[in-house]
Amino acid sequence: MSELLESLWQHDTAFRSDLFAGKVALVCGGGSGIGRATAVLFARLGATVVITGRTQEKLDAVVDFAVKKGARMHGFAAQLREHEQVVTLFEKIEAEVGVPDLLVNSAGGQFPQDAIDLSPKGWNAVITNNLNNTWFVMQRAAQRWRDLKRGGSIVNVIVVLERGMPGVAHTQAARAGIVGAMRTVAVEWAPLGIRVNCVAPGLTASEGLDVYPPEAVAEFPLANPFKRPGTPMEIAESCVFLSAPAASFITGETLTVDGGGKLWGELWLAGRPEWYRTP
Ligand SMILES: CCC/C=C/C(=O)SCCNC(=O)CCNC(=O)[C@H](O)C(C)(C)COP(=O)([O-])OP(=O)([O-])OC[C@H]1O[C@@H](n2cnc3c(N)ncnc32)[C@H](O)[C@@H]1OP(=O)([O-])[O-]
Ligand SMILES: NC(=O)C1=CN([C@@H]2O[C@H](COP(=O)(O)OP(=O)(O)OC[C@H]3O[C@@H](n4cnc5c(N)ncnc54)[C@H](OP(=O)(O)O)[C@@H]3O)[C@@H](O)[C@H]2O)C=CC1
């Protein structure tokens with residue numbers, strides 16, 4: 001783990017080392033994968049960072065590392081599907097750290113299953129985990145910015161939507177909901193000085209991929225024309241770009257970071273059905 005964190009700390013970045021000095025960044029899902037890379041990058045660029053997720057130990061590992069590097073980072077656990085927990089989380093952050101200026105929503109995930117077999121409980125779990133979760137957090141941030149008469153930036157990490165994604169219809173539906181909400185509030189919240197954007201990663205090498213079956217994993221190199229997964233840092237750079245002053249005229253957009261996967265690529269997350277196998 002410390003080797004991985006060290007590699008994130010040393011990784012090349014396009015950004016100035018004091019870019020976010022004086023800013024507070026909240027990264028949901030910051031205990032692993034894309035969220036962790038984003039949190040570490042914000043910390044390297046001078047922000048005070050708060051990470052959240054359900055598992056305190058995962059958060060502690062990242063915080064301990066960052067603090068040893070001299071960065072300012074805090075880890076507060078929360079189940080983001082519960083609206084009351086989101087409200088309490090914001091109260092805690094404001095009391096102990098300060099009002100977040102920047103929000104990156106990378107908390108989410110799903111399980112792979114053919115759509116026809118999804119149970120109502122499984123569908124609801126994934127919709128709640130990726131639509132309600134992200135919405136509760138982005139709305140709470142916007143409410144606080146409105147109340148305090150200050151702006152902010154929101155970046156939601158979603159999935160690539162253009163061609164659907166066999167094996168994860170539930171997550172496609174949830175993330176399409178986020179895109180619709182994002183495009184709408186980009187207009188409603190512009191007068192408040194709030195920008196809201198999405199990053200759509202292609203297949204990215206994170207712990208999150210552990211839930212996929214071996215037959216799906218074996219075909220992951222077919223996901224894009226580079227024939228490799230992206231790295232969490234390749235996604236983090238885009239999350240940070242959209243949060244930065246360099247993106248001050250960008251709102252309501254989705255930045256796809258998928259190595260060209262939506263132009264050429266195949267991703268069968270629950271495995272390739274017989275019909276689509278070449279003889
Ligand atoms: C490029 C695209 C690639 C994307 C990659 C990534 O996103 S990587 C990042 C990925 N990172 C992540 O995905 C991490 C986050 N992911 C998660 O935490 C879970 O996937 C979650 C969203 C379902 C959690 O919801 P939860 O805590 O409520 O979960 P729970 O365990 O209580 O299940 C609720 C119900 O869901 C159903 N069901 C669940 N699993 C399966 C299954 N394998 N099979 C079938 N069904 C399944 C089942 O009905 C279950 O109820 P039951 O029958 O047990 O009474
Ligand atoms: N890796 C990939 O190939 C791709 C990933 N994505 C998306 O990017 C996002 C980040 O994924 P990635 O970093 O790869 O995967 P991870 O599973 O590593 O990260 C997801 C994080 O979200 C947290 N989380 C999940 N649900 C909740 C919840 N209800 N409340 C609070 N925290 C929660 C998890 O922590 P904990 O379990 O401790 O709560 C975990 O740290 C996800 O939305 C994912 O679907 C999109 C496209 C491709």
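A residue counts as buried if 20 or more other C-beta atoms lie within 10 Å of its own, as exposed if 12 or fewer do, and as partly exposed in between, with C-beta atoms placed from the backbone. The model is predicted, so local features need pLDDT of at least 70 and side-chain atom pairs count only at pLDDT 80 or more, while totals for chains, interfaces and linings use all residues. Residues are numbered from 1 along each chain as its sequence is written, and chains are lettered from A and ligands numbered from 1 in the order in which they are written.

Helices (H or I, at least four residues) and strands (E, at least two) are DSSP runs, numbered from the N terminus. Helix α5 covers residues 120-147, and its 28 residues should span 40 Å at 1.5 Å a residue; the end C-alpha atoms are 38 Å apart, which agrees. The expected span is 1.5 Å times one less than the number of residues. Helix α5 has a kink of about 35 degrees centred on T128, the bend being the angle between axes fitted to the seven residues ending at a residue and the seven starting there.

Most residues other than glycine have a negative phi.

| Residue | Phi | Loop |
|---|---|---|
| K149 | about 55 degrees | between α5 and β5 (152-157) |
| K227 | about 60 degrees | between α7 (214-218) and α8 (232-243) |

K149 is exposed because it has 8 C-beta neighbours inside 10 Å. K227 is also exposed, with 11 other C-beta atoms within 10 Å.

A nonpolar core is a set of buried Ala, Val, Leu, Ile, Met, Phe, Trp, Tyr and Cys residues joined through C-beta atoms within 7 Å. The largest has 68 residues, and F42 and V49 have the most contacts inside it. Helix α5 gives this core its largest share, nine residues. Beyond its neighbours within four places in sequence, F42 is in contact (C-beta atoms, placed from the backbone, within 7 Å) with F20, A25, V27, A47, V49 and V240. A second, separate core has seven residues, among them Y212, A223, W268 and L269.

Ligand 1 is surrounded by 19 residues, of which G109, F111, G122, A125 and G208 are the closest; a residue is near a molecule if its C-beta atom, placed from the backbone, lies within 6 Å of it. This shell holds nine nonpolar, nine polar and one charged residues.

G177 belongs to helix α6 (residues 169-188). G177 is partly exposed, with 17 other C-beta atoms within 10 Å.

Technical notes:
Ala, Val, Leu, Ile, Met, Phe, Trp, Tyr, Cys and Pro count as nonpolar, Asp, Glu, Lys and Arg as charged, and the others, Gly among them, as polar. Two residues are in contact if their C-beta atoms, placed from the backbone, lie within 7 Å.
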